Amino acid sequence: MRTGTGETAVPAELDMNRFAPTKAAGTRTVDEVTGSRRLRRMRKAAWSRRLVQENHLTVDDLIWPIFLVDGENVREPIAAMPGVFRMSIDVAIREVERAAKLGIPAIATFPNVDLSLRDVTGSLILDPDNLTNRATRAIKAAVPEIGIITDAALDPFTSHGHDGVLRDGIIVNDETVEQVAAGAVLQAAAGADIIAPSDMMDGRIGVIRSALDDNGFQDVAIMSYATKFDSAFYGPYRDAIGTAGLLKGDKKTYYINAANSAEALRETEQDILEGTDMVMVKPGLPYLDIVRLLKDAFALPTFAYQVSGEYSMIQAAAANGWIDGERAMMESLLAFKRAGADGILTYFAPAVAEKLKG
Ligand code: PBG
């Protein structure tokens, strides 16, 4: 009888394998079939597992997306995203200070503006003193060492929740691009370090690049949401910025079909030709193949956005005791590194940074 260790035989009444048929199990030993190659050797102890670990998650990999609201001393929980809050600028400053102290390199801001300020064209993006720009100026002044990434898109400002100017049921590409580029210049003027256009309009990268350059912002970088897929995983975000009830229809005429990867390559190539400095894949975990594809094809700084739905799924399962939330958080982020991502936008950023500190 095989005992696995080659030591004393297990008493028959305790042998879980007492029905294992020795003959039918084959005549070759494990060493014969593996040629004595045993991958478990390097997994046998913590020190050897550490020694051969291929990928590492560090605080340098983290970008923290935050939600902003008007007001003072506001720290409003977002029901669909347990642990995430909409913050007024004063509160955001304190939180960003903490993030900077933890070593988080950059934040990405998303405004939830009052419904009365939204209109069909999202014209609030053209206000130099809108919530995004006020937050950038205030955070930059208080925490100059952290990078600020702003979302150049119309959806927080439109009364219909779409990312474009909507006319007769159609999202008008070129007019949207013109407006987003003008908004991006205002974001740069407020102190944004990286402009991140998230609307997937054609030509947005090139038009934003030349608008930035024409206005003296050669040093402001662009992180394109190069491959943004039409996805159910954005659900909780729309609650966070108050577009959930507004959005009519879907975003299929501008985001990429979840079934397509060749198209994702073409979109990214186009953004690179138009002058993007970095590319991003969004959502994250269900699209790791795209992260790998882009990294291998273009070797640009490549980022992934672990979006609201991905965050909420982990939090919800953890709250129910179905998974170990902290382990799932760390494992999901490490998976992005394995897939070739240089960094991850994640709502877990402060929690991860705390954990990495030990
Ligand atoms: C829209 C935008 C979205 C997110 C970031 N910018 C959602 C959408 O396109 O509807 C999603 C972020 C998340 O789900 O965490 N410009």
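How many nonpolar, polar and charged residues does the lining of the largest cavity have, by class? The legends below give the answer. The model is predicted, with local features needing pLDDT of at least 70 and side-chain atom pairs counting only at pLDDT 80 or more, while totals for chains, interfaces and linings use all residues. Residues are numbered from 1 along each chain as its sequence is written, and side-chain values use heavy atoms, with hydrogens and water left out.

View 1. A search of the whole structure finds one cavity of 30 Å³ or more. On a 1 Å grid over the protein atoms alone, a cavity is a set of points where a 1.4 Å probe fits but cannot get out, a pocket is an open set with protein on both sides within 12 Å along at least five of seven lines, and lining residues have an atom within 4 Å of a point. The volume of the largest cavity is about 110 Å³ (the space filled by probe spheres set on the points). Its lining comprises 16 residues, and D155, K228, Y234, Y237 and K282 lie nearest the centre. By class, seven are nonpolar, two polar and seven charged; Tyr counts as nonpolar and Gly as polar in this scheme.

**View 2. The ligand in the largest cavity.** The ligand sits in the largest cavity, meaning that more than half of its atoms lie within 2 Å of the grid points. Surrounding the ligand are 17 residues, the closest being S198, R238, Y255, K282 and Y347 (near means a heavy atom within 4 Å). This shell has eight nonpolar, two polar and seven charged residues.

View 3. A polar contact is a pair of N or O atoms within 3.5 Å. An oxygen atom of the ligand lies 2.4 Å from a polar side-chain atom of Y255, and a ligand oxygen atom is 2.6 Å from a side-chain N or O atom of Y347. For Y237, a polar side-chain atom is 3.3 Å from a nitrogen atom of the ligand. Taken alone, the ligand exposes 400 Å², of which the protein buries 100% (Shrake-Rupley method, 1.4 Å probe).

**View 4. The second largest pocket.** This pocket has a volume of about 270 Å³. Of its 19 lining residues, W64, G83, V84, Y347 and P350 are the closest to its centre. The largest share of the lining, four residues, comes from β1 (strands are DSSP runs of E, at least two residues, numbered from the N terminus). The lining divides into 13 nonpolar, two polar and four charged residues.

Notes: Polar contact = N/O pair within 3.5 Å; in protein donor to acceptor, adjacent residues only side chain to side chain.
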